[in-house]
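Visitor: I am new to protein structures. Could you walk me through this one, pocket by pocket?

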Amino acid sequence: RENIVYMWLAGMQRPDHHTINRFRSERLRDVIGQIFAQVVLLLHEEGLLDIKEVYTDGTKIEANANRYTFVWGKAIKKNKERISKQLKELWEYAGSVASAELGSQEPDFVNPTAEKVTQTVEKINQALEGKQVDKKVKQKLNYARKNWPVKLEEYAQKEEVLGDRNSYSKTDPDATFMRMKEDHMKNGQLKPAYNLQLSTHGQFVVNYSIHPNPNDTLTLKPHLELYQSRYGFYPSVCTADAGYGSEENYSYLEENSIEAFVKYGLFHKELSQESKPNRTIGLLENLYYDSEKDRYICPMGQPMEASGKSTRKTSTGFEQQLHHYRAKNCIGCPLAASCKPGKDGKVLQINRQLQLHKARAKSLLTSEEGKQKRKQRATDVEPVFGNLKFNKGRGRFMLRGKEKVAIETGLLVIAHNLAKMVR
């Protein structure tokens with residue numbers, strides 16, 4: 001009605017905010033990613049970016065949710081354990097008063113269902129009928145019968161919403177509470193948020209994805225799978241910070257022929273300590289490995305013999321294999337303060353596959369090309385976050401729910417790319 005630019009764009013039509021909102025949520029829902037990809041391909045054809053060489057990073061953006069209406073997975077677990085404990089105590093009390101009527105078969109009190117609690121409480125009441133029962137026990141049984149099954153059903157529903165997360169907001173169940181680093185005193189606050197992952201080239205956004213998980217390690221694989229679904233292929237080169245350096249991510253990048261300039265957790269520490277080995281006695285890289293006898297030699301010359309293997313699974317189900325090595329005698333060692341052996345001597349758990357991945361990553365990252373890419377990553381993807389969060393005022397999402405937040409983000413990054421194209 002007032003802005004001549006919008007009058008021209010809308011052809012003098014005047015849609016109200018309901019019409020715009022329906023268009024955004026209904027028409028764009030299934031196609032926003034395709035439109036974004038078409039814009040990126042257009043920029044690629046114009047020679048403005050290299051679609052196969054990307055720089056990846058993530059940032060947390062606050063959700064449009066009430067930060068005081070939260071559900072915590074640990075609180076649910078604690079409450080369920082409390083119910084289990086009290087139910088067992090009631091059973092044991094009933095057993096001391098009416099063991100004959102209760103029977104000898106004790107139910108499983110670990111993680112009971114609402115139905116199981118109802119059956120157990122009913123059985124206890126029947127066994128105590130006509131007996132001299134403590135008044136407080138009667139009150140507890142009455143409270144348990146009325147409240148515990150309802151609570152357990154409520155906890156089951158909340159756990160279904162939680163999935164593999166630790167928390168969510170009641171006003172936006174897709175949002176997870178994450179620690180935000182936002183003020184000048186570096187005081188992080190737990191707020192409902194989404195983890196926005198971007199891949200860029202030349203400060204153009206090449207790929208974006210929204211995640212409810214605050215850990216960047218778990219976002220790289222789905223982020224790149226989304227890239228593949230949009231373009232039909234994976235990037236040839238991916239540069240990322242230490243938050244992505246896991247065995248699962250390195251394996252995934254290798255399987256899909258993606259050259260990985262991806263740091264790992266101790267990369268910078270290893271570089272800074274290479275000339276000062278005495279300051280990092282416990283660091284694995286300072287131990288000599290005897291490949292013929294499959295053993296490590298500690299700085300004091302003591303051999304650490306192989307003592308077995310084990311496997312473990314990550315939260316995503318990825319299986320890792322560990323090789324164990326043990327020193328026979330660490331008593332009186334002058335390096336114990338730095339090495340920190342246990343009661344039975346120093347024990348090493350070596351992930352051979354991860355060590356190989358880290359060696360390859362270190363070789364790439366310390367090459368001349370790797371040094372250039374490490375510098376470029378900070379100046380490529382970080383300014384995009386700064387532009388979106390501070391210049392555009394998008395430090396907090398406007399919409400609720402992961403699906404709508406993804407649409408909002410798609411519109412933002414399309415606008416960012418188009419604006420940068422015409423500068």
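Guide: Start with a rule for sorting residues. Ala, Val, Leu, Ile, Met, Phe, Trp, Tyr, Cys and Pro count as nonpolar; Asp, Glu, Lys and Arg count as charged; the others, Gly among them, count as polar. Keep in mind too that this model is predicted.

Visitor: By class, what does the lining of the second largest pocket have?
Guide: This pocket has a volume of about 450 Å³. Its lining counts 13 residues, and those closest to its centre are Y6, L9, A10, P15 and I20. Sorted by class, the lining has two polar, three charged and eight nonpolar residues.

Visitor: Which helix gives the largest share of that lining in the second largest pocket?
Guide: Look at residues 4-9. They supply four residues of the lining of the second largest pocket, its largest share. The helix is α1.

Visitor: Which residues are closest to the centre of the largest pocket?
Guide: The largest pocket has a volume of about 610 Å³. In all, 21 residues line it. The closest to the centre are T59, K60, M180, K181 and K389.

Visitor: How many residues in the lining of the largest pocket are charged?
Guide: Take the other classes before the answer. Four residues of this lining are nonpolar, and six are polar. The charged residues number eleven.

Visitor: How many cavities of 30 Å³ or more does the structure hold, and which element gives the most to the lining of the largest cavity?
Guide: The structure holds two such cavities. About 50 Å³ of space lies in the largest. Its lining is I61, L196, L388, R394, R396, F397, E408, T409 and L412. With three residues, the element that gives the most is α15.

Visitor: Which element gives the largest share of the lining of the second largest cavity?
Guide: The second largest cavity has a volume of about 30 Å³. Its lining is N21, R24, S25, L399, K404 and I407. Two elements give two or more residues here, α2 and α15. The largest share, three residues, comes from α2.

Visitor: What span does helix α15 reach from its first C-alpha to its last?
Guide: This helix covers residues 402-421, which makes 20 residues. At 1.5 Å a residue, its span is close to the expected one. That span is 28 Å.

Visitor: How far apart are the C-alpha centres of domain 1 and domain 3?
Guide: The domain assignment gives domain 1 as 31-66 + 173-268 + 361-422, domain 2 as 71-162 and domain 3 as 281-348. The contact between domain 1 and domain 3 takes five residues from domain 1 and six from domain 3. Their C-alpha centres lie apart by 37 Å.

Conventions: Residues are numbered from 1 along each chain as its sequence is written. This is a predicted model: local features need pLDDT of at least 70, side-chain atom pairs count only at pLDDT 80 or more; totals for chains, interfaces and linings use all residues. Side-chain values use heavy atoms; hydrogens and water are left out. The expected span of a helix is 1.5 Å times one less than its number of residues. On a 1 Å grid over the protein atoms alone, a cavity is a set of points where a 1.4 Å probe fits but cannot get out, and a pocket is an open set with protein on both sides within 12 Å along at least five of seven lines; lining residues have an atom within 4 Å of a point. Grid points are joined across faces, edges and corners, and a volume is the space filled by probe spheres set on the points. Domain bounds come from an automatic or database domain assignment. Contact means heavy atoms within 4.5 Å.
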